[in-house]
Amino acid sequence: VRALILPVGDELYALPIESVRQVIERPTATRLPTAPARMLGLLNVQGQLVPMLDTAALLDTGAIVAPPYAAVIEVRGARGALAATAMPMTGELGEPIGQADVSGGVGTYAVGDRLVVLLDVEALFAKAGAAT
Amino acid sequence: MTEVEAGFRRLFAQEARQRLERMGELLLTLEGDAANPETIAALFREAHTLKGAAAMVGELKVRDIAHGMEDVLQPIRSGTGTATPAVIDSLLGDVDAIRALLDGAPSPSVPVADAPPTAVVGDVVQVSLERLDALMRTAGESAAAHLRLGRLLATRLGTDPSEVSEFRELQLVLNQLQDLTMRVRMVPLATVGYMLHRAVREASRTESKAVRWEMVGGDTELDRAVLERLADPLLHLVRNAIDHGIEAPADRVAAGKPEEGLIRLHAMQVGSEVVIAVSDDGRGIDLQQVRKAAGRRSIDTAGMRDEDVLDLIFQPGFSTAKQVTDLSGRGVGLDVVRSVLESIRGRVEVRTEPGKGCEFRLAVPITLAVIPCMLVSCAGQRLAIPIHSVVKVLQASGNAVKHADRRTIVMVDGQPVPVSSLAATLGLGDSSSGPMMVLAGLSRSHAFRIDAITGQRDIVMKGLGDLTPRLDVVAGASIEPDGSIIVVLEAARLVERAQGHRRPAIVEPGFPAAGPAAAARPPGDEARACVMVVDDALTIRELQKSILERAGYRVRTASNGAEAMAMLATEDATLVLTDIEMPQMDGFALIEAMRKHPRLAHVPVIILSSRASEADRRRGLEAGADGYIVKNAFDQAGLLSAVNRLLGKAA
C-alpha cells in the first residue's frame, strides 16, 4: 500500500495516498476565535477554506505549535489539513505487524526500521467535525 | 414514454404547479367574496386551461379532475349556483389532489433534480436553481480573478491598478454582473403567501376559530435561498398564533374584541434587511406562564427583566404549552425558528401586550453571499463585522467611560452600554485600547474595544467546511485577493458571549448526573444524546434505531415498558420513544412510571403508535407524553424533527 508518512512528534503516521491532495510547506493558518484547540485555524488551499487540524491533539498525544508542514486530505468531499512536525514522505506499507495503539489508528506497519501507524482518516475527521 | 414525451410532461408539471397555486389563491379570495364574477371567471379559465394542457400530454387523471372542477364552477359562473364553503372545500381538495398527482413529493418548492433547466412561460424564462447558482459562483469567481489581476499589475508592473482605466471599467462591469446575478435570484415574499394563507385556513378550522389573514408587502423581494429557509419558521409562527394566540370566538367577544381574529404578515425592506412581522390580535404571551415554565426547568427568573424572560421562549425544549399538539407541534419550535434565522444571518424578536396580541419580527439580510462589513484589527488579527449590526463607532478618547460595580460602561445616546474588550471576549488575548464599536445584540447593545478600524467593504463569505464545528461567534470567512483569510463575526452571539448570557443550561432537580459537568454541556450536543426506543416489534425497533443513529444519536432499545424502566434505572436516556401496545407494561404505564420517578420525570417522551384516535392521543398526552406520532403517518423526517425538537436541535 502506498502511503504518505506523516511525522508527528516522535511518532510516524501513515495516510492512504489516494486521500492525500497536497503537502503544504510552512502553512499559515488564520486563527478561528473560540474554536477548540484541535483546530489550528483556516488555510487557503487554492481558493478554498480548509481547516488545519492538530494531528497530535486529534490522536490525544499532545499538541503541535506552528507546524512546518501540513498534508491536505480529502475524504468523501470533506477536506482538512493534518499538521506534521517534519516533512512528510511517501512510503510503501508491507504486511501489518499489529494493532494500532491509538484511537483513530487501524494498524501498525514496519517501514524501514521504524513503526508506522496507519490512520483511519474518516474516523479522525468525524472527531474533528464533532461538536465540542 | 419517449424522451420527448417525458420532457413535455415535466414542462407540463411545472406549468400546472403555477396554475394550481393561482387557483388556490383565487379560491381563498372567493371564500371572502363569494359573488365576485372576475374571480370566478379567472378560476374557470385556469381550470379549463389546465384541463386542455393535461389532455395534451396524456395526464388523464389530471384532466379528469380539472374537468370536474369546470363542472362545479360552470353553474357558479352562470349565476345558477353559489360558491358555498363546501364547494370551495371540494375545489381546494381538487387542487391538492392534482398537486399530489404531479409530484408525489411532499414539497413543491423543492427543485426536482431532472426538471428541465429552462422553460418559457409567457414572456418569462424559468431557469433551474442549479444554473442560477452556477452563474452566481462564476460571477463571484470572476470578481476574485479581477482582484488577483490588480495585484499582479501592482507587483509585476509596478502600476497602481486604480490608475488603469481598463481595469476600473472591468471592475465596474463585474460589479454590475454580480449585482444583476444576485437580483435574478430574488423572489417576492408573496411566493409563500398562498401556503401561509392555506395554513391559516386549515388551522383555524381545526381549532374552530375565526381568523382573517392579511398580508402587506408581499412584493418585498428576498434571495430565494433565504425565502426557502424562512418558509417553515413562518408556517410555525402562523400556526402558533392560531394555536396559542387567537382566543376562541366566545372568549374574544367576552373580552370586547371582534369575534374574528386577525393574523397579519407585514414585510418591508429596511436598509440591507427585510423585516417580516407576523402579528396576531390574540391574548398575547403570558409572562407569568413563561416564568412558571422556566421554573419547571430550574431557570431562576427572579432577577430577570421581562424582555429577557420573554426571550426564554426561544430556548430549545422550552414551551409554555404542556404538550406538542398536532397544530404547532409539527416540524419546528421557536428555538428552531431562532436557529434557522441565525443560520441565514437574521434574527428574531418578539413583542407582546397582554390581552392585545403579540408580534414576532424576523429580520433577514436580503442576500446571503455578500455582506458589507467593517474590518477591524484585534490582537493582531483582522476580523470583519457585518455593518448592519454596528450601531456606532466611538473614538477612544472623548467618550465618558465609567467604571461602576466592576463593570465598564459607556453612554450611547443617553443609554448605558456595557464595554468589553473584543480580544478578551474572543479569547484572543488581553484588552485593546483603540476605538469602541457598539454592536446590536438581539435585545441589547454592547460596546467592544478594538485595536483599530481598518476599513469597510463587501465581504464574500464562504463556508468553513465540514470539519469545522459550528462556532457561535463565527459567521463565516472570506478569502481576500491577496490570499489571506478574514474571519467574519456573528455580532448577536458576540454580544451574548460578552454579557455572559449563555443560554442557561437545563438542570434537572435531584439528578446527580446532571451536576456542573452536564450543565456546562453546550446546547445541541446531540453526539451524546441517547434515545431509548421501546417497541415490541423488532423491525420497528431496528428501523427507528437506524434512523436515529444515522442522525447522530446514541440509541438503546427495550421491548416493553418494564424492560425500559429497568434499563433507565441504571442509565438514563435523553429522550424516550415508545409504542403503546406492548406486553408486560404498556406505553401509558411506562410514561406514568417515569413521571413518578424523580430522576426520569423530566425526560421527554414521544409516543409512536398505530392508534390514531383522538382518545388515545389525549390519554397519551395526559399520561405526560411530550409528543404523539401516528405510525401510519410515520416518516423518517417527521420522527427526526420531533426528536430534534424536543432535544433542542435544529432539524
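User: Why does B:Glu46 count as buried?
Analyst: In this predicted model, the relative accessibility of B:Glu46 is 11%. The cut-off for buried is under 20%. The value of 11% falls below that cut-off, so B:Glu46 counts as buried.

User: What makes B:Arg22 and B:Glu46 a salt bridge?
Analyst: Their side chains meet with N and O at 3.4 Å. The limit for such a pair is 4 Å, from a side-chain nitrogen of Lys or Arg to a carboxyl oxygen of Asp or Glu. The distance of 3.4 Å is within the limit, so the pair qualifies.

User: Why can this pair be said to tie parts of chain B together?
Analyst: B:Arg22 belongs to helix α1 (residues 3-32) of chain B, and B:Glu46 belongs to helix α2 (residues 37-56) of chain B. The joined parts are therefore 24 residues apart in sequence.

User: Is B:Arg22 buried, partly exposed or exposed?
Analyst: B:Arg22 has 36% relative accessibility. Buried needs under 20% and exposed needs over 50%. The value of 36% is in between, so B:Arg22 is partly exposed.

User: How do you know that B:Glu31 and B:Arg205 form a salt bridge?
Analyst: The N to O distance between their side chains is 3.7 Å, and the cut-off is 4 Å. The pair links distant parts of the chain, with B:Glu31 in helix α1 of chain B and B:Arg205 in helix α7 (residues 193-206) of chain B, 174 residues apart. B:Glu31, at a relative accessible area of 32%, is partly exposed, and B:Arg205 is also partly exposed, at 38%.

User: Which residues are linked with this pair in a network of salt bridges?
Analyst: The network holds B:Glu31, B:Asp89, B:Asp96, B:Arg198, B:Arg201, B:Glu202 and B:Arg205. Over all chains, the structure holds 35 salt bridges.

User: How are B:Glu207 and B:Lys209 classed, as buried or as partly exposed?
Analyst: B:Glu207 has 27% relative accessibility and is partly exposed. B:Lys209 has 12%, which is under the 20% cut-off, so B:Lys209 is buried. The two residues form a salt bridge, with their closest N and O atoms 3.4 Å apart.

User: How many salt bridges cross the interface of chain A and chain B?
Analyst: The rule finds zero salt bridges there. One residue pair is in polar contact across the interface, with both residues at pLDDT 80 or more. Elements of chain A that each supply at least two residues to the side touching chain B are β4 (39-45), β5 (48-53), β7 (78-84) and α2 (121-129). By class, that side has 15 nonpolar, eight polar and three charged residues.

User: What area is buried between chain A and chain B?
Analyst: The area is about 2,100 Å², and carbon and sulfur atoms give 67% of it. In terms of contacts, 26 residues of chain A meet 24 residues of chain B.

User: Which residues of α2(A) are buried?
Analyst: They are A:Val121, A:Leu124, A:Phe125 and A:Ala128. Viewed down the axis of α2(A), these buried residues fall within an arc of 100°, so they line one face of the helix. An α-helix has 3.6 residues a turn, so residues three or four places apart point the same way.

User: What reaches the backbone nitrogen of A:Glu122 at the start of α2(A)?
Analyst: A side-chain oxygen of A:Asp120 comes within 3.2 Å of that nitrogen. The cut-off for a polar contact is 3.5 Å.

Definitions and conventions
Residues numbered from 1 in each chain as written. Chains lettered and ligands numbered in written order. Predicted model: local features only at pLDDT ≥ 70, side-chain atom pairs only at ≥ 80, totals over all residues. Heavy atoms only, no water. Contact = heavy atoms within 4.5 Å. Buried area = accessible area lost by both parts, 1.4 Å probe. Polar contact = N/O pair within 3.5 Å; in protein donor to acceptor, adjacent residues only side chain to side chain. Helix = DSSP H or I, 4+ residues; strand = E, 2+ residues; numbered from the N terminus. Nonpolar A, V, L, I, M, F, W, Y, C, P; charged D, E, K, R; others polar. Buried < 20%, exposed > 50% of the residue type's maximum accessible area, 1.4 Å probe, protein only. Arc of directions from axis to C-beta.
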